[in-house]
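User: Hi! I'd like to learn how to read salt bridges in a protein model. Could you walk me through it?

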Amino acid sequence: MKQFYKSKSLLRLSFLFVLLFSVLTVVNSCKKDNDDDEEFTDHVVQFEVKTTTGGVIRAIVTQVGTVKTDIFDPVGTTWASGEFFVNSSQAQLNLDAKADLPSADSELVINLRIDGEIVRTKKMVGAGPVVASIDYSFLEL
């Protein structure tokens with residue numbers, strides 16, 4: 001009789017263990033599905049344009065996602081956008097700048113900052129009209 005009781009108890013215990021394992025598996029799979037919704041994150045972005053030795057900035061074009069902004073003849077030899085938030089779902093950031101540089105050692109430098117760090121930079125050296133361009137995608141691997 002004790003043998004029968006032990007096997008019945010062992011069967012119940014096994015059934016309980018399988019049921020508990022199944023419930024934990026379902027709960028964990030639901031958690032993973034919810035985590036996928038938070039795939040995209042917000043980032044602080046800033047564009048910068050600089051010229052040296054008397055260069056004149058003629059035009060700046062920025063694009064965040066599908067929103068394009070044109071700036072013509074900004075005042076000064078440096079320009080920086082304010083810091084702004086961009087969700088990584090926007091995917092694409094672009095910065096283009098044109099400047100007139102007076103001498104062969106003059107420079108046009110453009111930077112893209114994300115979360116306070118320069119992630120892309122482009123430096124053009126020379127005299128005359130010079131164009132620099134930066135493209136960045138949050139979806140790059």
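Analyst: A salt bridge is a side-chain nitrogen of Lys or Arg within 4 Å of a carboxyl oxygen of Asp or Glu. Here, Asp73 makes one with Arg58, and their closest N and O atoms are 3.6 Å apart. Asp73 sits in the loop between β3 (67-72) and β4 (78-80), while Arg58 is in strand β2 (residues 56-64), so the pair links parts that are 15 residues apart in sequence.

User: Before we go on, what kind of model is this?

Analyst: It's a predicted model, where local features need pLDDT of at least 70 and side-chain atom pairs count only at pLDDT 80 or more, while totals for chains, interfaces and linings use all residues. Residues are numbered from 1 along each chain as its sequence is written, and side-chain values use heavy atoms, with hydrogens and water left out.

User: You mentioned strands. How many helices and strands does the chain have?

Analyst: Helices (H or I, at least four residues) and strands (E, at least two) are DSSP runs, numbered from the N terminus. This chain has 1 helix and 9 strands, and the order along the sequence is α-β-β-β-β-β-β-β-β-β.

User: Back to Arg58. Which residue meets Arg58 in a salt bridge at 2.7 Å, N to O?

Analyst: That's Asp100: the side chains of Asp100 and Arg58 meet at 2.7 Å, N to O. Asp100 belongs to strand β6 (residues 92-101) and Arg58 to strand β2, so this pair ties together parts that are 42 residues apart in sequence. Through shared partners, salt bridges join Arg58, Asp73 and Asp100 into one network.

User: How many salt bridges does the structure hold?

Analyst: There are 5. One of them pairs Glu48 with Arg113, with the closest N and O atoms 2.8 Å apart. Glu48 is in strand β1 (residues 42-51) and Arg113 in strand β7 (residues 107-114), so the parts they tie together are 65 residues apart in sequence.

User: Is Glu48 buried or exposed?

Analyst: Buried means under 20% relative accessible area, exposed over 50%, and partly exposed in between (1.4 Å probe, protein chains only). Glu48 has 10%, so Glu48 is buried.
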